Amino acid sequence: MRPTTFYDAYVFDLDGTIYLGDELLPGASDLVQTLRERGKLVRFLSNNPTRDPAMYADKLARLGLPTPVADIANTLVTTTRWLGEHHPDAVLFVLGEEPLCRALREAGFRLSEDPAEIDVVVASYDRTFDYRKLQIAFDALWFHRRAVLIQTNPDRFCPFPGGRGEPDCAAITAAIEACTGVTCAVSLGKPSPLMLAEALRGHDLDPSRCLMVGDRLHTDIQMALDAGMDSALVLTGESTRDDVAARPPDQRPTWVVERIDHLLPEGRTNQRS
Ligand SMILES: [Mg+2]
């Protein structure tokens, strides 16, 4: 089963949906080009905070899918925006990588490793995580009892080609929660509606005319379900048909496709006009 008409807007996850590792997934380029030629709004969303949107634009261009930076949003963007709106003067401790730290500094935040002055502990996908960082977070949250804990994204792992992966933000958050007893106050990645708002920012669109496309049921598809949007699961990443079948019928994606270009209405696969 596949759509019979076009939607007005398409929001795509990146990892496992548009590409896997350093290769575009089959049909991704054709689909996106066809949608753009038809004047459809195309946006890209990633929960991964280890790159900034310019780095994603570089990667997409390198893979043969040139994309304006403004069409890409990730949790680095939503985290910076949310902190600016809710904790504009906060001193931050970031368990994260340099692009996230740089974006927060550029937004005017002060980053600190002194637990006595830390207002917000930001847990993230951090491949430089160590015991020293855990101790600082512990002291800020448990000893000084003044900081709040937030996380960039709720993912347990980041999928890699060949069925491998890397521990993601949920592991860092869990370590902090386990030792402090503090519960993470907010998560800035999919399925949070903040991510969808970031993707469609500046466009007044009827959600029923938008399609969310991704490879993960509990992030990409859940966000669409919560927003009342149609959704499509592509089977090129994490979630499987069995995972879909295990969900109650009202918690399943609108479409399930083997290849992303099967989202083009029937008979349009190789027709751009
Ligand atoms: Mg994905």
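Phenylalanine 12 stands opposite valine 213 in strand 13. Residues are numbered from 1 along each chain as its sequence is written. The model is a predicted one, in which local features need pLDDT of at least 70 and side-chain atom pairs count only at pLDDT 80 or more, while totals for chains, interfaces and linings use all residues.

Strand 1 (residues 9-13) and strand 13 (residues 210-214) are joined in the parallel sense by four bridges; strands here are DSSP runs of E with at least two residues, helices are runs of H or I with at least four, and both are numbered from the N terminus. Two strands are said to pair if DSSP finds at least two bridges between them. In general, strands of a sheet pair through backbone hydrogen bonds, either parallel or antiparallel. An open sheet of six strands shows parallel pairing in the order 5-4-1-13-14-15. Its edges are formed by strand 5 (72-74) and strand 15 (255-257), each with a single partner strand, so one side of each has no neighbour in the sheet. On average, neighbouring strands of this sheet are turned by 20 degrees against each other, direction ignored (axes are lines fitted to C-alpha atoms, for helices over the stretch in contact, and angles run from 0 to 180 degrees between N-to-C directions).

How is the protein chain divided into domains? The assignment gives domain 1 (9-47 + 190-263) and domain 2 (76-187), with bounds that come from an automatic or database domain assignment. The C-alpha centres of domain 1 and domain 2 are 26 Å apart. Across the boundary, 12 residues of domain 1 are in contact with 11 residues of domain 2, contact meaning that the C-beta atoms of two residues, placed from the backbone, lie within 7 Å. Helix 7 (residues 193-199) gives the most to the side of domain 1 that touches domain 2, namely three residues.

The largest nonpolar core holds 69 residues, and Val11, Val121, Val122 and Val213 touch the most other members. Such a core is a set of buried Ala, Val, Leu, Ile, Met, Phe, Trp, Tyr and Cys residues joined through C-beta atoms within 7 Å. A residue is buried if 20 or more other C-beta atoms lie within 10 Å of its own, exposed if 12 or fewer, and partly exposed in between, with C-beta atoms placed from the backbone. Helix 8 (residues 217-227) supplies the largest share of this core, five residues. Because domain 1 and domain 2 both give residues to this core, it lies between them.

Valine 122 touches several residues beyond four places away in sequence, among them Leu92, Phe93, Val94 and Leu95. Strand 6 (residues 91-95) is mostly covered, with four of its five residues buried. Strand 6 runs parallel to strand 7 (residues 110-111), and two bridges join them; valine 91 has arginine 110 in strand 7 as its bridge partner.

The loops deserve a look too. Aspartate 126, in the loop between strand 8 (120-123) and helix 5 (131-143), counts as buried because it has 22 C-beta neighbours inside 10 Å. Arginine 145, in the loop between helix 5 and strand 9 (148-151), counts as exposed because it has 9 C-beta neighbours inside 10 Å. Phi of arginine 145 is near 55 degrees, a positive value in a residue other than glycine. Lysine 190 and proline 191 are joined by a cis peptide bond, with omega about 15 degrees. Most residues other than glycine have a negative phi, and most peptide bonds are trans.
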